[in-house]
Amino acid sequence: MHDVLPLLVETTFPPVRRGRLTTLQVNLGYLCNQSCVHCHVNAGPKRPERMTARTAGQVVDLMRVSGAAVLDLTGGAPELNPSFRFLVDAAVEHGVRVIDRCNLTILLEPGQEDLAEFLAERRVAVVASLPCYLDENVDRQRGKGVFDASIEGLRRLNALGYGGEDPALSLDLVFNPQGPTLPPAQAELERAYKETLGRRYGIRFNRLFTLANMPIGRFGSMLISKGRFEDYLDVLRAAHVDANIEHVMCRSTVSIDWQGYAYDCDFNQMLGLPMRLNGTPRTHLTDLLGADVEGRPIAIRDHCFGCTAGQGSSCGGALS
């Protein structure tokens, strides 16, 4: 892909090694009911890639033996994969916490009418993308009508107890900047989200995660088309903070793609930078059964500065 080629060169990013594995992040495919401009996986309604039931069964096998405490399901819209509910139930049965990376509007899609109840009954944590608390900004980034549909999705989750005092029904929102800039301070923006969404719509949620846009996928293509790719990389490099390396998600997470191949993180997955176990060109999740990945080097390129710039950025929000 032309939009990732500038990253496939030597980097000045410091070497990183894996810590103890705590999270399996599984991409169930690129099919989505939205086509967001910041999407680093280029997901959309016409994407055919999706995880098969056989591969989903192999994910369960790995989950059982890996010792991971968290199963983090993502996409596309992961809920559109027929194996989504199978994976949730298997994780719950084995005492593994489940995170659903939910775009909120999926809760309103035909065939998903019971999805919110399914998630609540199994006490699945919801991490929901809402890139702004203003309707015009969300619709500009994600499509007309997405903000109103997202508010309706949040209301459904709130009605089931999400976003309240029960830690098992956590509801966290995700913010991405509109363009090639670093996100603002997470705590400050969280207060603004809670005040505005609560006052205007009666919405409650637990935490806000601020994520930097990665210069890959659809967002990377946009940067290249506007001649701003290198400028944005310079912004990320200049804001690098060494202390954030200790907390980057790739140290504790293995990312599995829809075909079952393993990567150090979701971003490496999109760039085709596979985890290499014992010198193999790429590692399948079945190769990880019984394998110890702690201490192994992580594949790095310039996009890694997106995780360590400023306050840091991960699937769990700011790092510092």
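Modeller: Let's start at glutamine 25, whose bridge partner in strand 7 is serine 255. Please keep in mind as we go that this is a predicted model. Strand 1 and strand 7 run parallel and are joined by four bridges.

Now turn to the side chains of strand 1. Thr23, Gln25 and Asn27 point one way, while Leu24 and Val26 point the other way, and all are buried. Since five of the five residues of strand 1 are buried, the strand is largely enclosed by the rest of the structure.

Nine strands make up an open sheet with mixed pairing, and their order is 6-5-4-3-2-1-7-8-9. The edges are strand 6 (207-210) and strand 9 (283-284), each of which pairs on one side only. Helix 1 (residues 53-66) packs on this sheet and touches strand 1 (23-27), strand 2 (70-74), strand 7 (253-256) and strand 9. The direction of helix 1 makes about 170° with that of strand 1.

Because phenylalanine 175 lies in strand 5 and tyrosine 193 in helix 6 (residues 186-201), the pair ties together parts that are 18 residues apart in sequence. Both phenylalanine 175 and tyrosine 193 are buried.

Tyrosine 193 has another ring partner, phenylalanine 205: their centres are 6.4 Å apart and their planes at 80°, so this pair is edge-to-face too. Here the link runs from tyrosine 193 in helix 6 to phenylalanine 205 in the loop between helix 6 and strand 6, 12 residues apart. The relative accessible area of tyrosine 193 is 1%, and that of phenylalanine 205 is 5%, so phenylalanine 205 counts as buried. Ring pairs join Tyr133, Phe175, Tyr193 and Phe205 into a cluster.

One more stop is helix 5 (residues 146-159), which has 14 residues. At 1.5 Å a residue, helix 5 should span 20 Å, and its end C-alpha atoms are 20 Å apart, which agrees. Among its buried residues are Val146, Phe147, Ile151 and Leu157. After helix 5 comes glycine 161, with a positive phi near 105°.

Finally, a word on the cysteines: the count of disulfides is zero. The sulfur of cysteine 265 has its closest cysteine sulfur in cysteine 250, 5.9 Å away, which is too far for a bond. Cysteine 307 is in no disulfide, and the nearest cysteine sulfur to it, that of cysteine 265, is 6.4 Å away. Cysteine 265 is buried at 11% relative accessibility, and cysteine 307 is buried with a relative accessible area of 11%.

Key:
Residues are numbered from 1 along each chain as its sequence is written. This is a predicted model: local features need pLDDT of at least 70, side-chain atom pairs count only at pLDDT 80 or more; totals for chains, interfaces and linings use all residues. Side-chain values use heavy atoms; hydrogens and water are left out. Two strands pair if DSSP finds at least two bridges between them. Helices (H or I, at least four residues) and strands (E, at least two) are DSSP runs, numbered from the N terminus. Contact means heavy atoms within 4.5 Å. Axes are lines fitted to C-alpha atoms, for helices over the stretch in contact, and angles run from 0 to 180 degrees between N-to-C directions. Buried means under 20% relative accessible area, exposed over 50%, partly exposed in between (1.4 Å probe, protein chains only). The expected span of a helix is 1.5 Å times one less than its number of residues. A disulfide is a pair of cysteine sulfur atoms within 2.5 Å. Rings of Phe, Tyr and Trp (its six-membered ring) pair if their centres lie within 6.5 Å; planes under 30 degrees apart count as stacked, over 60 as edge-to-face and the rest as tilted.
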